[in-house]
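Reader: I would like to learn how to read some features of a model, taking them one at a time. Could you give me the general idea first and then the case at hand?

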Amino acid sequence: MADNRRVDLSVPSAARMYDWLLGGHYNYEVDQKASEQLLKVAPTTKELARNNRWFLERVVRVMAAEHGIRQFVDFGSGLPTQNNVHQIAQAVDPRSHVVYVDNDPVVLAHGQAILDENDRSVVIASDMLETEYILEHPDFKRLIDLEQPVGVLFNSVLHCIPDAAGPGDLVTRVVDLLSPGSFVVICQLVSDDADLRRQVTEMMLEQTHGRWGRVRERAEVDRYFDGLVIQRPGLVDVTDWRPDSELQRRQRSIEWTEYGGLAEVPPGRQGTVPRSRTA
């Protein structure tokens, strides 16, 4: 069922921390302090956040302009900034439909305010794990036709899900419902440094009172793409995913990265071996 939690100003939110790292205004002192503590462990996290946002803009534009996707579902969408999914998609085709899913009350309040005059976009108040509730929501049914290709985004959110809750199972449940020709965006925080993975995971779990998951390794993210056709340039640090300029590539994070990419749902996906199209 939907999550109707009120804003708890004593507990930082991953969404509001991300907003602060991007230079946004929808955050509180508790989020700022937690972000500053995170920067002590991983000093280039602001660069990581910017690179992830640029990746989001590029990948939505590719799905809309190159693959003709006209309906999108953004799981764990986070706080609105400039160039949100609906703005990018509707710049390609104003008829595009977008459903955002989030359970942070600040996200919901500001997101709905932005979308009040956009009848082709909506934010659904729900934990992204509650897929049955989301799919049965009247606004989802109004805007999304699962018989047609859909662009689904799990952008920088799966590290917020603990292993016990099954982030990979969430991806599988959603992808199993998609028609062939749909596309899936997945990226999450990874690091080759076991000590950094431990430090950041412990810090975020403590700061958010357990509302977080884990920094993972690249091989774990690779498995999310099982049965999907990975699009060029493959699974990479998202800074290197079809960058618009070399300037963006130079502003990369060092301690950890957002790792993932874009994949297509092929006919008969279930039980297939992941394939990569790099040409």
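Reader: Where does Pro233 lie, and which form does the peptide bond from Arg232 to Pro233 take?

Author: Most residues other than glycine have a negative phi, and most peptide bonds are trans. Here Pro233 lies in the loop between β6 (229-230) and β7 (236-237), where helices (H or I, at least four residues) and strands (E, at least two) are DSSP runs numbered from the N terminus. The peptide bond from Arg232 to Pro233 is cis, with omega near 5 degrees. This is a predicted model, in which local features need pLDDT of at least 70 and side-chain atom pairs count only at pLDDT 80 or more, whereas totals for chains, interfaces and linings use all residues. Residues are numbered from 1 along each chain as its sequence is written, and side-chain values use heavy atoms, with hydrogens and water left out.

Reader: What is the phi of Ser156, and what is that of Arg242?

Author: Phi of Ser156 is near 55 degrees, a positive value in a residue other than glycine, and Arg242 likewise has a positive phi, near 45 degrees. Ser156 belongs to the loop between β4 and α8 and is buried, with a relative accessible area of 15%. Arg242 sits in the loop between β7 and α11 (246-250) and, at 23% relative accessibility, counts as partly exposed. On this scale buried means under 20% relative accessible area, exposed over 50%, and partly exposed in between, with a 1.4 Å probe and protein chains only.

Reader: Is Pro94 buried or exposed, and where is Pro94 found?

Author: Pro94 is exposed, since its relative accessible area is 55%, and it is found in the loop between α4 (85-92) and β2 (97-102). Although Pro94 and Arg70 are 24 residues apart along the chain, their C-alpha atoms are separated by 9.1 Å.

Reader: Which residues of helix α8 are buried, and what covers them?

Author: An α-helix has 3.6 residues a turn, so residues three or four places apart point the same way. In α8 (residues 167-175), the buried residues are Pro167, Leu170, Val171, Val174 and Val175. They lie on the same side of α8 because they cover an arc of only 120 degrees around the axis, the arc being that of the directions from the helix axis to the C-beta atoms. Their cover includes β1 (71-75), α6 (131-136), β4 (151-155), β5 (183-190) and α10 (218-224), where contact means heavy atoms within 4.5 Å.

Reader: At what angle do helix α1 and helix α3 pack, and which residues make the contact?

Author: Two packed helices are described by the angle between their axes and the distance between the axes. The axes are lines fitted to C-alpha atoms, for helices over the stretch in contact, and angles run from 0 to 180 degrees between N-to-C directions. Helix α1 (residues 14-21) packs against helix α3 (residues 45-65) at about 95 degrees, with the axes 9 Å apart. That makes α1 roughly perpendicular to α3, given that angles of 65 to 115 degrees count as roughly perpendicular, under 35 as roughly parallel, over 145 as roughly antiparallel and the rest as oblique. Tyr18, Trp20 and Leu21 of α1 meet Thr45, Lys46, Ala49, Asn52 and Arg53 of α3. By class, the contact of α1 with α3 has 4 nonpolar, 2 polar and 2 charged residues, where Ala, Val, Leu, Ile, Met, Phe, Trp, Tyr, Cys and Pro count as nonpolar, Asp, Glu, Lys and Arg as charged, and the others, Gly among them, as polar.

Reader: At what angle do α1 and helix α2 pack?

Author: Helix α1 and helix α2 (residues 29-41) pack at about 70 degrees, with their axes 9 Å apart, which makes α1 roughly perpendicular to α2. Arg16, Met17, Trp20 and Leu21 of α1 take part, and the residues from α2 include Val30, Asp31, Leu38 and Leu39. The residues of this contact of α1 with α2 divide into 7 nonpolar, 2 polar and 3 charged.

Reader: What does the side chain of Ser13 reach, and which atom lies 3.1 Å from the side chain of Thr201?

Author: Such polar contacts are pairs of N or O atoms within 3.5 Å; within protein, one must be able to donate a hydrogen and the other to accept it, and residues adjacent in sequence count only if both atoms are side-chain atoms. Ser13, in the segment before α1, is buried with a relative accessible area of 10%, and its side chain reaches the backbone nitrogen of Ala15 at 3.2 Å. Thr201, in helix α9 (residues 194-207), is also buried at 10%, and a polar atom of its side chain lies 3.1 Å from the backbone nitrogen of Val215.
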